[in-house]
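Here is a short tour of strands and helices. Keep the sequence and the 3D view side by side as you read.

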Amino acid sequence: MIEKQDFPFQLVSNYKPTGDQPQAIEQLLNGLSQNKKVQVLLGATGTGKTFTMANVIYKSQRPALVIVHNKTLAGQLFEEFKELFPHNRVEYFISNFDFYRPEAYLPKSDTYIEKEAVMNQEIEMMRSSAVNSILSRKDTIVVASVASIFGLTDPDEYSNLTVAFRKGEYVDFKKAQAELVEAQYTRNNMSLTPGCFRQQGDMLEIAPFNQSESLYRIYIDMDSNIEEIIEVKLTTGEYVQNLEYVMIFPADEHASSYIRIKNACKSIREELTQRLEYFTSQGKLLEAERLDMRTRHDLESLEEFGICPGIENYSRHIEHRKQGEAPFCLLDYLSDDYIIFVDESHVSLPQIKGMYNGDQARKQVLVDYGFRLPSALDNRPLNFDEFFSKVKNMICTSATPGEFEIKQSNNKVVEQIIRPTGLLDPIIEVRSNKNNPIYDLLEEIKKNNLRNERTLVCSLTINDAENLTDFFKSKGIKVAYLQHEIKTMERTEIIYKLRKGEYDVVIGINLLREGLDIPEVSLIAILDADKEGFLRSSRSLIQLVGRAARNDHGKVIFYADNITQSMKETIEETSRRRKIQEEYNLKHNIVPKSIVKPLIPPIRMISKKGNKISKPSGKLTRNEKLKLIAELEKAMKKAANELDFEQAATYRDEILELKAETN
């Protein structure tokens, strides 16, 4: 049994809850005390939802898992929670791949696509650290992507593979080393890297897999009792501290004991025999031969080394699960007192719902054509019902919560509308399409330019965006457009130039992407606002309107011939929020002021000073791209070491795009 250390959560901040934050915090805490399964925090843009979540954790003194829908937002939240809880364990759990192409088969063209993955060791170490903190510390906050619903090993098996050392206790170094090997550690007498160990006389040195900077030295006396445990720096050997007790967690999240692997091989062979009989009876001899060769190769590797490529596809056998039974995942490591926060729940929950079906469709083809055993289907993410069954207390946060979470909370929504900055929701105007909307918009853009403020225009199609861009350019407007084919590096440059004033206008299809909280934008024009659909639903419109809530001159224009139900709901909700903020400002004598956000040049536009990266002008040659990739990789590692994971994720995306261009 792993000893779990208990430390109180300590919230460190120069600010106190204000506006309607205290009321929201109190309501959420009351819901937790009543053991409500689902609560919804409707927090408008800029009202401090993260600070409210932090206060709920602090006042309840309960650990938390925060699930978000993408890595960039996860990195941003991780940094914020790390700053708010510097004395507690704040961990980061996302997919451990820099690049991932899953195994697949395309029957139409008879094309087999082998799994290709570029592992990120730093992220892998952070995943391990997150699991270890959950098991060993009560004061833990984990910020995770939907990777949290994908398979991990059995928590009991993982805990049993933990090797513990306590000062004064007897230890058999030979047995301890065997336990470390079973936990997927490697003996290396020449060089210690995370996940390795070595023995030198009466000293055992272990470099834990979940740490990149430290190793432990364990000394024994004449009676083989532990005399001293010292933590030192991995690179320099510099002394850090003396310890009374240390736990060494497995070096692989899919680690299993040799006995388990051996038993699994028996059941894998039984399934293989049954499947080969099925293929033979169906006259599918090619599929039978293919499956037999691939599976036997994996079995040889498992029996010899305890691991094989794609071992996760045999997880059902290794963990003794029944067919169709839910796999273990991060949620199984959580104790019952964990609060699960789902940030941007209107996006995150549908994403969780969609992961299972896509995974099963791809793997079913592999099974049907003899590339995998049917048990591979049980190496999967949770389906939504399985995810929801593991939830004890869930708080969904969003400016536009979805119908599912609202229904699950019995339509009782906790509201957080007031912005501490005093900024109001923008004014919304509806203008007819009959009066030359493009020329009307042109005049509005010119007025905005005179105030040195920027404009976002939302069209419905890429063709419209391109035509509008050409038209505005012909009228002397500095304009650019965004769409899904524009790469990360170019996108960040466009946003930077908009903020700086090199562009007056940016035109896009869906401008809900992260990084578009631009205080310089005071006008948002939505063309064809009455064309009902996903891009013009009430949730999409409210999110778009929120982009203008960072400027005290914020205004939104809907160009439409009819007022749809979505438009009506958006106008009513925005007016309601605006009225609440106005009353608060009047009562507290607050004068709204636009948010001031530092103007930081993107990495491809700044000179090479202080490890910054410069981009040669014009089209890059292959050698220039390779050089830029090398510099970006250094910058990515530096950002990761400094815990700036949002920036590291941006570097990673840019590296992958450049590599794709050089292939």
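Two strands count as paired if DSSP finds at least two bridges between them. With that in hand, look at Val232: this residue stands opposite Tyr239 in S15. The model shown is predicted.

Start with strand S14, residues 226-233. S14 is joined to strand S13 (residues 214-220) by 7 bridges, and the two run antiparallel. Tyr219 stands opposite Glu228 in S14. S13 and S14 form a hairpin, with 5 residues between them. In that turn, Ser224 has a positive phi of about 65°.

S14 also pairs with strand S15, residues 239-243. Here there are 4 bridges, and the run is again antiparallel. S14 and S15 form a hairpin too, with 5 residues between them. Gly237 in the turn has a positive phi of about 75°.

Strands of a sheet pair through backbone hydrogen bonds, either parallel or antiparallel. The next sheet shows the parallel kind.

**A parallel sheet**

In what order do the 6 strands of the open sheet lie? The order is S20-S25-S24-S21-S23-S22, and the pairing is parallel. The edge strands are S20 (427-431) and S22 (479-482), each of which pairs on one side only. From one strand to the next, the twist averages 20°.

Now zoom in on S20. Its partner is S25 (residues 555-559), joined to S20 by 5 bridges. Arg431 stands opposite Tyr559 in S25. Helix H17, residues 565-588, lies across S20 and S25. H17 runs at about 150° to S20.

**Helix pairs**

| Helix pair | Residues | Angle | Axes apart |
|---|---|---|---|
| H13 and H14 | 437-450 and 462-474 | about 55° | 12 Å |
| H1 and H2 | 21-33 and 49-60 | about 45° | 10 Å |

H1 is therefore oblique to H2. The crossing of H1 and H2 is right-handed. On the H1 side, the contact is made by Gln21, Ala24, Ile25, Leu28, Leu29 and Leu32. On the H2 side, the residues are Phe51, Thr52, Asn55, Val56, Lys59 and Ser60. By class, this contact has 7 nonpolar, 4 polar and 1 charged residues.

An α-helix has 3.6 residues a turn, so residues three or four places apart point the same way.

H13 and H14 are oblique to each other as well. H13 passes H14 in a right-handed crossing. Which residues of H13 meet H14? They are Ile438, Tyr439, Leu441, Leu442 and Ile445. Their partners in H14 are Leu468, Phe471 and Phe472. By class, the contact of H13 with H14 has 8 nonpolar, no polar and no charged residues.

**An enclosed helix**

Buried here means under 20% relative accessible area. The buried residues are Ser538, Ser540, Leu541, Ile542, Gln543, Leu544, Val545 and Gly546.

Technical notes: Residues numbered from 1 in each chain as written. Predicted model: local features only at pLDDT ≥ 70, side-chain atom pairs only at ≥ 80, totals over all residues. Heavy atoms only, no water. Axes fitted to C-alpha atoms, helices over the stretch in contact; angles between N-to-C directions. Contact = heavy atoms within 4.5 Å. Buried < 20%, exposed > 50% of the residue type's maximum accessible area, 1.4 Å probe, protein only. Parallel < 35°, antiparallel > 145°, perpendicular 65-115°, else oblique. Left-handed = near helix turned anticlockwise from the far one by under 90°. Nonpolar A, V, L, I, M, F, W, Y, C, P; charged D, E, K, R; others polar.
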